[in-house]
Protein chains: 2
Amino acid sequence: MYFSKSFIPILKNNPTEAKIKSHQLMLRTGMIKQSSAGIYSWLPLGFRIMKKIEQIVREEQNRVGVQEILMPTIQSSDIWKESGRYDDYGEEMLRIKDRQNREMLYGPTNEELVTEIFRSSIKSYKSLPQLLYHIQWKFRDELRPRFGIMRCREFYMKDAYSFDISDEEALHSYNKFFLSYLNTFKRMDLSAIPMAADTGPIGGNLSHEFIILADTGESKIFTDKRIFEVDSSKTTIEKNSLNKLRENFEKYYSVTDEKFNQIEFEKNVPEKYRLQTKGIEVGHIFYFGDKYSKPMNASVDYNGKKEFVKMGSYGVGVSRLVGAIIEAKYDEKNETMKWPMSVTPYDCSILPIVNKNDNSNLEIATNIYNSLKKNNIDVLIDDTDENISSKIKKFKLLGIPFQIIIGKNFNEQKIEFTEINHDPIFISIDEIIKKIKSKKSH
Amino acid sequence: MYFSKSFIPILKNNPTEAKIKSHQLMLRTGMIKQSSAGIYSWLPLGFRIMKKIEQIVREEQNRVGVQEILMPTIQSSDIWKESGRYDDYGEEMLRIKDRQNREMLYGPTNEELVTEIFRSSIKSYKSLPQLLYHIQWKFRDELRPRFGIMRCREFYMKDAYSFDISDEEALHSYNKFFLSYLNTFKRMDLSAIPMAADTGPIGGNLSHEFIILADTGESKIFTDKRIFEVDSSKTTIEKNSLNKLRENFEKYYSVTDEKFNQIEFEKNVPEKYRLQTKGIEVGHIFYFGDKYSKPMNASVDYNGKKEFVKMGSYGVGVSRLVGAIIEAKYDEKNETMKWPMSVTPYDCSILPIVNKNDNSNLEIATNIYNSLKKNNIDVLIDDTDENISSKIKKFKLLGIPFQIIIGKNFNEQKIEFTEINHDPIFISIDEIIKKIKSKKSH
C-alpha cells in the first residue's frame with residue numbers, strides 16, 4: 001500500500017479535545033474519527049488493529065471450546081422484563097420504539113437474550129456444558145462519554161456465556177475463561193492481572209477483573225508484585241490444573257480500590273512487594289448461578305428432575321483493547337509508539353527519500369515491497385515527497401515496528417533497517433525478511 | 001466437534017410460519033433463531049456460513065483495491081438533514097432519541113456518513129480515487145418483515161463507496177466493482193447476472209442489480225440466455241479491459257420487470273434465447289455523481305479549483321446471501337442441501353453406528369476425525385445413538401458436502417464415503433483426504 005493512496009488522515013498536532021494518550025494518538029494518526037458524541041468510525045489503520053485483536057480473542061475462545069454465535073444489536077424489551085432488569089438498568093440503556101410502537105433496546109449486554117436462546121434449544125443435562133460467545137457492537141448511553149474509545153457509547157465487545165448443571169461444573173467453566181483470558185492478553189503483549197472484583201449490575205457471587213497496568217488507568221490497584229510471576233503456561237483445561245492456577249493467583253493480595261483494605265494489604269504483602277498503581281480493565285468474568293435462569297425459567301431435565309442451569313458471563317472489550325495497548329505502550333515524551341507484532345496494522349514501513357525528478361528510490365522501494373509481500377509481510381511505503389526526517393517521525397508515531405530507509409547511495413547488501421526503539425543496522429533484504437518473520441512467529 | 005456437544009438445535013419438522021425454503025431450512029437446521037419480528041440470532045451452523053461469505057466478499061473487495069473501514073451503526077440525524085434524506089426516508093428508518101434527547105438513527109445505509117468522513121480527511125485530487133468499504137449491521141424497519149433473513153429488519157451488509165475527480169474516473173471505479181461482484185458470486189458457486197436497474201432512493205444515473213436465478217425470487221427477470229456465457233475470467237482492472245467486459249454484457253437484453261418492455265425483448269432476443277424467470281437480488285451498484293457531495297460540500301482542490309467529488313455506492317447483502325444460496329441450491333423435494341465448498345460450515349461429517357455398549361465405531365470415528373483435522377478439514381461427528389438412516393437424512397438436510405459412514409465390518413481400506421447427490425464409494429482414508437482437499441482448493 002502506498003501512503004499517498006491510503007486513507008490515513010494524519011493530523012499535525014494533538015487535538016485539544018483529547019485528554020489521554022490513546023485518544024490523542026488515535027485521532028492524530030487517523031485511526032478513528034468521531035461521528036457523534038461517544039460514537040466513532042474506524043478508519044483503515046485503526047480497523048486493521050482492532051480486527052487483529054478480535055481474531056486473537058476469537059482463537060483463544062475457540063481453543064477452550066467456546067462456540068461462536070452472533071446475536072443481534074436490537075433486542076425486544078420483553079426478555080428484560082422477564083429478568084427484571086428493564087427497570088433497573090437506568091438511562092444507560094438506549095431505549096427505542098419501532099414503527100409499530102414496540103419497546104425495543106440496543107443491547108448493552110446479552111444475558112437475557114442468550115438465556116432465551118438456550119432455554120428454547122437445550123432440554124437435557126447431557127448437552128451440558130454449553131459455552132457460547134459472540135463478538136458484537138453494544139451501546140451504553142453514557143451521560144458523559146470521554147477518553148475516545150475508552151469510554152464511548154457504541155463499543156465492540158466479546159461476551160461469552162456458560163451453562164452448567166451444578167456449581168462445581170460451572171466453576172470449571174469459569175476457570176476455563178480465566179485461563180483463556182490470561183492467554184488472550186499475553187498474545188497482545190499485555191500483562192493482565194486477574195483481581196477479585198465486585199459483581200455490580202450483572203450480579204452474582206464470584207467475579208474477576210483483568211487489569212493491565214497504565215498510569216492513565218481509571219482504576220486504582222493494590223497488588224503484590226509476585227503475582228506477575230505466576231506461570232500459566234503449563235496449565236491445561238483439566239479441572240485440577242485450572243484449580244491449581246486459580247490457587248496460585250489467589251495466594252497474592254491483588255484488588256482494586258473498591259475492595260481495598262489497608263490493614264489486610266499491609267498484613268499480607270511484605271513491604272518490598274507492595275505495588276500501588278493504576279490500571280485499565282480489559283476483561284471481566286462473573287459467576288452468578290441461577291440469577292437469570294430462574295426468573296427466565298431456563299432449566300434442563302436431570303434424570304427426571306427439572307434443574308435451573310448455572311450460568312456465568314465473560315466479557316472482553318475488543319475496541320477498548322486498542323486504546324489500552326496504546327496506554328500501556330505509547331511513549332508520549334518521545335512521540336513513539338510500537339505496536340506488538342501480533343496486532344500491528346503493518347509489519348514494516350519503507351521510507352524512501354523521494355526527489356521530484358528522480359524515481360529511482362521509489363523503484364527500489366517498490367522492489368523491496370514486492371519481496372516482503374511474497375513473504376507475507378504487510379508493508380506501507382511512504383511515497384510522498386516529505387523529507388526523510390519527517391517521514392521517520394511520522395512512522396514512529398504510527399507505530400509500525402520496523403522501518404527500511406532508502407536514501408542516497410543505496411547498497412542492497414547494507415540496507416538501513418531499524419526496529420523502533422533500537423539503533424539502525426545495515427543488512428541485506430534476506431536478513432530483513434528473516435528478522436521480521438522470526439518476530440512474527442514469536 | 002461432536003454433534004451432541006454442538007449447539008445445532010434441529011427441529012423435527014418445517015416450522016409452519018416459514019413460507020420459503022431458505023427460511024424453512026434455516027430454522028429447521030438451527031442456523032438462526034428469531035428474537036423478535038425480523039430480527040435473528042445466528043447460531044453456530046448459520047454463523048459459520050455467514051462468516052465464510054463475509055470473508056469472500058472482503059477478499060474480493062481488497063483485490064480490486066478497496067480499503068476496509070468500519071462505521072458505527074448509530075448515526076446522528078444532522079448529516080441526513082444536510083443531504084436532505086432525513087425527511088425523505090420515511091418510516092423504514094429507525095429513529096432514536098438518546099438520553100440527551102438528540103435525534104439519532106440506526107443507519108439503513110451510509111452515503112452521508114462516509115461523505116462526512118471523506119470531506120474532513122481528503123483535500124487534494126492527488127489522493128483520488130478513494131475506494132472505501134465496510135461490513136456492518138444495518139436496520140430497516142420493514143412494516144412486514146418476512147421470509148426469514150431474506151426480508152428482515154436487522155441485516156448484515158457490505159457497502160462500499162467511491163470518490164473520484166471526474167465522471168470518467170468514477171466510471172472506472174464503478175467497473176472495478178462490477179468485476180469484483182462477478183468474482184465474488186462466482187466463488188460462492190452462484191451465477192449472478194448484472195442487470196440494468198432503476199436507482200430508487202439512492203438516486204443517480206447508472207445502476208446494476210446482480211441477480212441470481214431462483215424460482216422463489218422476488219424479482220421477475222427477462223434475459224437473453226447468452227448472457228450466461230459472457231466470460232470475465234481474463235478481465236483485469238485496467239480501464240480498457242473493464243470497458244470491454246461491460247460491453248460484452250450489455251450486448252444482451254437483461255432486465256427486471258421494472259424496466260421490462262415486451263417489444264424490445266422480442267426485437268432483441270431470438271426466441272430460442274429468451275428466458276423469463278425469477279431471481280433474487282444479491283448485489284446492487286450505483287453511480288450518482290455529485291448527488292451527495294454537492295449538498296454536503298465534499299470537494300477537493302483540483303489545480304486551485306474546487307471540484308465536488310463524483311461518487312458511487314456498492315452493496316452486497318452478506319446475511320441475505322446465506323438465504324440466496326439455499327434458494328438456489330436446496331432440493332426441497334428430496335430434503336437435500338449441499339453447501340458450496342467455499343462456504344460450507346463443515347467439509348465432512350462422520351456418521352458412525354453407535355451401539356449402547358460398544359464404543360468401537362465411535363473410536364474409529366474419532367481416529368478418522370483426527371486424521372482429517374490434521375489436514376485442515378473441518379469435521380462434525382454424529383456421536384448420538386440415533387439409527388444410521390436418520391443420521392444420513394439429518395446430514396443431507398444440514399448440507400455438509402461429504403459423509404463418512406462407519407457401520408458393521410469396518411474396513412480401513414474400504415471406508416464408505418459419499419458426496420451428497422452422488423453414490424457412495426469405498427476408499428481409504430488417504431484417498432478421502434485427497435478428494436476433499438482437491439474440492440476445497442478448487
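Student: What do I need to know about numbering and confidence before we start?
Tutor: Residues are numbered from 1 along each chain as its sequence is written, while chains are lettered from A and ligands numbered from 1 in the order in which they are written. This is a predicted model, where local features need pLDDT of at least 70, side-chain atom pairs count only at pLDDT 80 or more, and totals for chains, interfaces and linings use all residues.

Student: How many helices and strands are there in chain A?
Tutor: We take helices (H or I, at least four residues) and strands (E, at least two) as DSSP runs, numbered from the N terminus. By that count, chain A has twelve helices and 21 strands.

Student: Why is chain A called as compact as a globular protein of that length?
Tutor: The radius of gyration is taken over C-alpha atoms, and the globule rule is 2.2 Å times the number of residues to the power 0.38. For 442 residues that rule gives 22 Å, and chain A is close to it, so it counts as being as compact as a globular protein of that length, with a radius of gyration of 25 Å.

Student: What share of the residues in chain A is buried?
Tutor: Call a residue buried if 20 or more other C-beta atoms lie within 10 Å of its own, exposed if 12 or fewer, and partly exposed in between, with C-beta atoms placed from the backbone. Out of the 442 residues in chain A, the buried share is 48%.

Student: Which residues have the most contacts inside the largest nonpolar core?
Tutor: A nonpolar core is a set of buried Ala, Val, Leu, Ile, Met, Phe, Trp, Tyr and Cys residues joined through C-beta atoms within 7 Å. The largest one has 250 residues. Those with the most contacts inside it are A:I53, A:I212, B:I53 and B:I212.

Student: Which residues does B:I53 touch?
Tutor: Two residues are in contact if their C-beta atoms, placed from the backbone, lie within 7 Å. Leaving out residues up to four places away in sequence, B:I53 touches B:M188, B:V318, B:L321, B:V322 and B:V343.

Student: How do the residues on the side of chain A that touches chain B divide into nonpolar, polar and charged?
Tutor: The contact takes 40 residues from chain A and 40 residues from chain B. Elements giving two or more residues to the chain A side include α2 (44-63) and β7 (130-139) of chain A. Ala, Val, Leu, Ile, Met, Phe, Trp, Tyr, Cys and Pro count as nonpolar, Asp, Glu, Lys and Arg as charged, and the others, Gly among them, as polar. The side of chain A that touches chain B then has 21 nonpolar, eleven polar and eight charged.

Student: Which elements do the buried residues of α1(A) pack against?
Tutor: Helix α1 (residues 21-28) of chain A is mostly covered, with seven of its eight residues buried. Among them are A:H23, A:L25 and A:M26. Their packing partners in chain A are β1, α2 and α9 (318-329).

Student: Which residue in β13(A) stands opposite A:D224?
Tutor: Two strands pair if DSSP finds at least two bridges between them. Strand β11 (residues 219-224) and strand β13 (residues 274-289) of chain A pair in the antiparallel sense over six bridges. Opposite A:D224 is A:R274.

Student: What is the bridge partner of A:I221 in β12(A)?
Tutor: β11(A) and strand β12 (residues 254-256) of chain A pair in the antiparallel sense too, over three bridges. There, the partner of A:I221 is A:T256.

Student: Where is A:P129, and what is omega for the peptide bond from A:L128?
Tutor: A:P129 sits in the loop between α5 and β7 of chain A. The bond from A:L128 to A:P129 is cis, with omega near -5°.

Student: Is B:N409 buried or exposed?
Tutor: B:N409 lies in the loop between β19 (402-406) and β20 (415-419) of chain B, and has a positive phi of about 55° although it is not a glycine. With 5 other C-beta atoms within 10 Å, B:N409 is exposed.
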